[in-house]
Amino acid sequence: MAGFLTRLLPKRLRKKGVSIPVVRLHGTIMAGGSQFRPALNIATVAPLLEKAFAKKDAPVVAISINSPGGSPVQSRLIFQRIRSLAGEKDKRVLMFVEDVAASGGYMIALAGDEIFVDPTSIVGSIGVVSGGFGFPEMLKKIGVERRVYTAGENKVILDPFQPEKEGDIEYLKSLQLEIHKVFIDMVKMRRGERLADEDTIFSGLFWTGLRGVELGLVDGAGEMRETLKRRYGPDAKLELIGGGRNLFGRRVPGVVSHAGATELAAGAASGLAATLEDKAMWSRYGL
């Protein structure tokens, strides 16, 4: 009906070009988050994706990804929601990498039917990492005694205040291998025969966008606006799908996140260690 009414309008009054919804998924991937430390997770991303895929006349949904990774669970949930909506709404998904799509960020990028990069983007890091600190010697020096009472012999596995145990490390590595296999299977499923026969692809290494094209991790170099207008016409319009705002007028956290001075200052009050960890994830890729 809407299309019929549009044809009745004079040409000069008709809407020109298709409107393409754009979703920006920028930040560290983790459950939770706050207005001071936004995060990417299914709770913050789902409303934006629903809104973007609800655009009936849009031939495609464009997603900008910029993430150094984080929670594998949240990464998979976002990936699955994108693919589910793409199937339900019968729409293609074009993914555009900005600075980095590494680890969980690349896992989300796999949801694209095609993945585009800047030649200097960083992609890959298909692996699993766990990290922490150990403090047993520090406790001895300051005269503090650690007391833990448990029911269950493994309840304090990997306790940072106790010396490392070989059995604990082996168990953690077994979990990492299981998660790594899930990640590898996702890459093979989505990229298929486009992947190069290269042993290092699943080693945890990361590459520039151009090398990512050679390895088959991504499809080509291309900036979002230029690529979409070339495919869907010079009159194609990019419509940024934004999040809601809270009572103070700030955008709901989790849509765009990149740790800077404001986040670091807030982190000093709400958890300096967590903020530094977030910063370290970006720094690993030179950002």
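## Burial, cores and salt bridges in a predicted chain

Modeller: Buried residues make up 40% of the 287 residues in the chain. Keep in mind that this is a predicted model.

Colleague: What makes a residue like Ser 67 count as buried?

Modeller: Buried means under 20% relative accessible area. Ser 67 has 0% relative accessibility, so Ser 67 counts as buried. You'll find Ser 67 in strand E2, and what touches Ser 67 includes Gly 27, Leu 40, Val 100 and Trp 282.

Colleague: How do you know that the side chain of Ser 67 makes a polar contact with the backbone oxygen of Gly 27?

Modeller: A polar atom of that side chain lies 2.7 Å from the backbone oxygen of Gly 27.

Colleague: Okay, salt bridges. How many does a search of the whole structure find?

Modeller: Eleven. One of them joins the side chains of Asp 113 and Arg 190.

Colleague: Why is the pair of Asp 113 and Arg 190 called a salt bridge?

Modeller: The N to O distance is 3.9 Å, and the limit is 4 Å between a side-chain nitrogen of Lys or Arg and a carboxyl oxygen of Asp or Glu, so the pair qualifies. Asp 113 sits in the loop between H4 and E4 while Arg 190 belongs to helix H6, so the bridge ties together parts 77 residues apart in sequence. Arg 83 is linked with these two in a network of salt bridges.

Colleague: Is Asp 113 buried or exposed?

Modeller: Buried: its relative accessible area is 18%, and the cut-off is under 20%.

Colleague: What makes Glu 114 and Arg 231 a salt bridge?

Modeller: Their closest N and O atoms are 2.7 Å apart, within the 4 Å limit. Glu 114 is in strand E4 and Arg 231 in helix H8, so this pair ties together parts 117 residues apart in sequence.

Colleague: Which labels do the two partners get, Glu 114 and Arg 231?

Modeller: Glu 114, with a relative accessible area of 16%, is buried. Arg 231 has 39% relative accessibility, so Arg 231 counts as partly exposed; that label covers values between 20% and 50%.

Colleague: Which residues of H6 are buried, and what covers them?

Modeller: Among the buried ones are His 180, Phe 183, Ile 184, Val 187 and Arg 191. An α-helix has 3.6 residues a turn, so residues three or four places apart point the same way. The cover includes helix H3, helix H4 and strand E4.

Colleague: What makes Tyr 106 stand out in the largest nonpolar core?

Modeller: That core has 45 residues, and Tyr 106 is one of those that touch the most other members, along with Leu 25, Ile 63, Ile 82 and Met 95. The largest share of the core, seven residues, comes from H2. Contacts of Tyr 106 include Phe 183, Val 187 and Leu 217.

Colleague: And which residues does the second core include?

Modeller: That separate core has ten residues, including Val 22, Leu 94, Met 224 and Ala 236.

Methods: Residues are numbered from 1 along each chain as its sequence is written. This is a predicted model: local features need pLDDT of at least 70, side-chain atom pairs count only at pLDDT 80 or more; totals for chains, interfaces and linings use all residues. Side-chain values use heavy atoms; hydrogens and water are left out. Buried means under 20% relative accessible area, exposed over 50%, partly exposed in between (1.4 Å probe, protein chains only). Helices (H or I, at least four residues) and strands (E, at least two) are DSSP runs, numbered from the N terminus. Contact means heavy atoms within 4.5 Å. A nonpolar core is a set of buried Ala, Val, Leu, Ile, Met, Phe, Trp, Tyr and Cys residues joined through side-chain atoms within 4.5 Å. A polar contact is a pair of N or O atoms within 3.5 Å; within protein, one must be able to donate a hydrogen and the other to accept it, and residues adjacent in sequence count only if both atoms are side-chain atoms.
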